[in-house]
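The sequence and structure come before the details.

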Amino acid sequence: MSKVALVTGAAHGIGAGIASRLLRDGWRVVIADRDQPAASSGRFVRADVADEAATRDLVAGIASNEGQLDALVCNAGFMIRKPLADLTLGEWNRVLATNLTSTFLLARAAEPLLRASKGAIVTIASTRAHMSEPDTASYSASKGGLVALTHSLAISLGPDIRANCVSPGWIDVRGEKLSPEDHAQHPAGRVGEPEDVAGMVAWLIGPESRFVTGAEFVVDGGMTRKMIYAA
Ligand SMILES: NC(=O)c1ccc[n+]([C@@H]2O[C@H](COP(=O)([O-])OP(=O)(O)OC[C@H]3O[C@@H](n4cnc5c(N)ncnc54)[C@H](O)[C@@H]3O)[C@@H](O)[C@H]2O)c1
């Protein structure tokens with residue numbers, strides 16, 4: 001039987017790219033999202049990953065339907081851009097719940113299945129865990145927390161379960177019209193695509209990364225290594 005991956009937030013964007021890649025690689029994929037995916041790309045479960053009961057039901061459904069879980073990819077997330085003075089506590093809590101607490105809930109629910117399969121967890125953080133634009137406090141805090149939660153999971157759940165984090169830079173998920181400057185500012189020469197992240201995730205949940213755990217992988221075309229001083 002082929003291996004089973006749960007990918008959250010995979011109705012769109014990076015998560016959809018991860019789900020397609022894993023399906024191509026022969027994985028059975030369960031997609032959890034609050035929105036229906038446009039294309040069929042695995043077994044879809046509508047779920048709000050910030051909801052404790054929903055995460056329990058999601059994992060219980062995998063235990064009864066697929067009978068195993070080999071990889072948990074915590075990708076669902078969103079950003080609120082607002083000046084600090086306008087950011088409500090409810091908005092702050094919603095960002096933290098979706099981007100950070102969901103990984104705690106899913107890892108806790110999935111631990112028995114992942115231990116049984118000697119599986120792997122991959123979280124999708126962001127280079128914004130390490131650097132910021134103005135008015136992104138809740139998002140940056142959630143992603144910094146996710147980087148730390150990931151190494152904590154690696155230490156607590158190893159050696160049965162490996163846990164690693166991917167921090168993407170600018171990944172075009174909306175098919176925006178990008179300018180030559182948008183691409184050229186990247187040391188790699190272009191803005192990223194979901195497939196760039198998917199390739200790293202595929203490696204991290206596969207056998208070739210078996211000595212890798214607790215690590216963060218920056219997939220940003222080199223942007224966070226580029227020193228910028230205004231001319
Ligand atoms: N696109 C980028 O440039 C970029 C850069 C760094 C990090 N990221 C991170 O990558 C991940 C995917 O981002 P994306 O750009 O593909 O965004 P996206 O908005 O295209 O996709 C996010 C998906 O998550 C789902 N989702 C959001 N909240 C949810 C919830 N509570 N429960 C279930 N599903 C939920 C959405 O419905 C959507 O399908 C996010 O964690 C994001 O923070 C994105």
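Helices α3 and α4 (residues 137–157) pack with their axes 9 Å apart and at an angle of about 15°. Because angles under 35 degrees count as roughly parallel, over 145 as roughly antiparallel, 65 to 115 as roughly perpendicular and the rest as oblique, α3 is roughly parallel to α4. Axes are lines fitted to C-alpha atoms, for helices over the stretch in contact, and angles run from 0 to 180 degrees between N-to-C directions. Residues of α3 that meet α4 include Trp92, Leu96, Leu100 and Phe104; on the α4 side, Tyr139, Leu146, Leu149 and Leu153 are among them. Two residues are in contact if their C-beta atoms, placed from the backbone, lie within 7 Å.

The model is predicted: local features need pLDDT of at least 70, side-chain atom pairs count only at pLDDT 80 or more, and totals for chains, interfaces and linings use all residues. Residues are numbered from 1 along each chain as its sequence is written. Helices (H or I, at least four residues) and strands (E, at least two) are DSSP runs, numbered from the N terminus.

Seven strands make an open sheet with parallel pairing, in the order β3-β2-β1-β4-β5-β6-β7. Its edge strands, β3 (43–46) and β7 (216–219), each pair on one side only. Two strands pair if DSSP finds at least two bridges between them; β6 (residues 162–168) and β7 are joined by four.

| Helix | Residues | Angle to strand |
|---|---|---|
| α1 | 13–24 | about 170° to β1 |
| α3 | 89–117 | about 175° to β4 |

A nonpolar core is a set of buried Ala, Val, Leu, Ile, Met, Phe, Trp, Tyr and Cys residues joined through C-beta atoms within 7 Å. The largest one has 62 residues, of which Ala5, Ile18, Leu72, Val73 and Val201 touch the most other members. Helix α3 gives the most to this core, with eight residues. Not counting residues up to four places away in sequence, Val201 touches Ile18, Val73, Val122 and Val166.

Glu216 lies in β7 and is partly exposed, with 17 other C-beta atoms within 10 Å. On this scale, 20 or more means buried, 12 or fewer exposed, and in between partly exposed, with C-beta atoms placed from the backbone. Leaving aside neighbours within four places in sequence, Glu216 is in contact with Val147, Cys165 and Ser167.
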